[in-house]
Amino acid sequence: MRILIALAALLSFSLTHATSLDDILAAPHRSAEEKARDHYRHPAQTLDFFEVEKDMTVVEIWPGAKGWYTAVLGPYLREEGTFYAAQFPPDSDISYYTRSLTLFKAHLAKYPALYGQVRITHLYPPVYSDIAPAGTVDRVLTFRNVHNWAKAGKAEAVFASFFKALKPGGILGVVEHRAPEGRSLEDQIESGYMTESYVIAQAEQAGFRLAEQSEINANPQDSADHPAGVWTLPPSLRLGDQNREKYLAIGESDRMTLKFVKPE
């Protein structure tokens with residue numbers, strides 16, 4: 001226990017004195033496994049594209065059990081900003097959701113010096129639609145979640161929740177696995193790859209304006225056509241050892257990176 005307390009104090013000191021996202025990305029609270037994914041997820045460039053500043057109010061949508069981006073955003077926003085983690089519903093009958101929420105809370109509780117300021121809310125319309133007080137948020141960020149909402153028939157409602165939470169002029173940042181245009185919605189949901197036109201249409205229907213698109217998270221080696229959909233590729237590698245080296249060589253999925261603005 002004393003070792004854990006000492007480690008937390010050390011991390012708190014180092015991150016309190018961090019001056020940039022690069023400092024936090026290099027900090028020891030992120031595991032080697034987490035850092036290895038920076039090559040595919042480009043966190044510093046992505047957050048810069050979404051214009052995230054350390055004094056802002058930011059909501060991360062569905063960070064899951066491990067909170068890969070939470071490990072960056074939590075420390076970054078801790079001193080000057082406000083950070084909401086809009087998690088899975090606590091009373092869901094989907095065991096993955098409740099298990100992930102429990103693990104996420106346990107992880108935050110282990111490191112209060114890093115995550116003690118994280119505010120947990122919940123998103124699963126229609127019961128859980130308020131991810132933060134209405135009109136108070138500078139940035140809403142979602143990473144590889146749109147296919148889940150499309151499958152559940154909740155895409156329209158979740159984008160409406162984002163719009164409600166954001167201030168006028170606030171930004172919605174979306175990163176999602178990218179399908180070729182023309183793929184049916186059924187095939188998109190089955191594969192986990194969504195078309196840019198689908199995502200843009202959902203955002204615009206909620207009232208957003210597309211501000212800019214980026215290829216930061218593009219992977220031209222990914223055909224978006226695999227036996228087990230996007231989960232064929234790392235980190236899931238759902239096919240196990242079958243063609244494992246081939247899929248490792250492709251790397252993580254090709255992804256769209258879209259910036260939307262709530263009109264003033």
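1. Threonine 121 lies in strand S3, where strands (E, at least two residues) and helices (H or I, at least four residues) are DSSP runs numbered from the N terminus. Please keep in mind that this is a predicted model, in which local features need pLDDT of at least 70 and side-chain atom pairs count only at pLDDT 80 or more, while totals for chains, interfaces and linings use all residues. Residues are numbered from 1 along each chain as its sequence is written, and side-chain values use heavy atoms, with hydrogens and water left out.

2. Is threonine 121 buried or exposed? Threonine 121 is buried, because its relative accessible area is 14%, and buried means under 20%, exposed over 50%, and partly exposed in between, with a 1.4 Å probe and protein chains only. Leaving aside residues up to four places away in sequence, threonine 121 touches Tyr84, Ala85, Ala86, Gln87, Asp130 and Ile131, contact meaning heavy atoms within 4.5 Å.

3. The open sheet has seven strands in the order S3-S2-S1-S4-S5-S7-S6, with mixed pairing; two strands pair if DSSP finds at least two bridges between them. Strand S3 (119-122) and strand S6 (209-214) stand at the edges with a single partner strand each, so one side of each has no neighbour in the sheet. On average, neighbouring strands of this sheet are turned by 20 degrees against each other, direction ignored, where axes are lines fitted to C-alpha atoms, for helices over the stretch in contact, and angles run from 0 to 180 degrees between N-to-C directions.

4. Two helices may be followed against this sheet. Helix H7 (residues 95-110) packs on the sheet and touches S2 and S3, its direction making about 170 degrees with that of S3. Helix H10 (residues 155-165) also packs on the sheet, touching S1, S4 and strand S5 (166-177), and its direction makes about 145 degrees with that of S5.

5. Strand S1 (residues 57-61) is mostly covered, since five of its five residues are buried. Thr57, Val59 and Ile61 point one way from S1, whereas Val58 and Glu60 point the other way, and all are buried.

6. S1 pairs in the parallel sense with strand S2 (residues 82-87) over five bridges, and isoleucine 61 stands opposite alanine 86 in S2. From S1 the chain crosses through helix H6 (residues 70-78) to S2 in a right-handed β-α-β crossover, a term that applies if, with the strands pointing away from the viewer, the path from the first strand over the helix to the second runs clockwise.

7. S1 also pairs in the parallel sense with strand S4 (residues 137-143), over four bridges, and the bridge partner of valine 58 in S4 is arginine 139.
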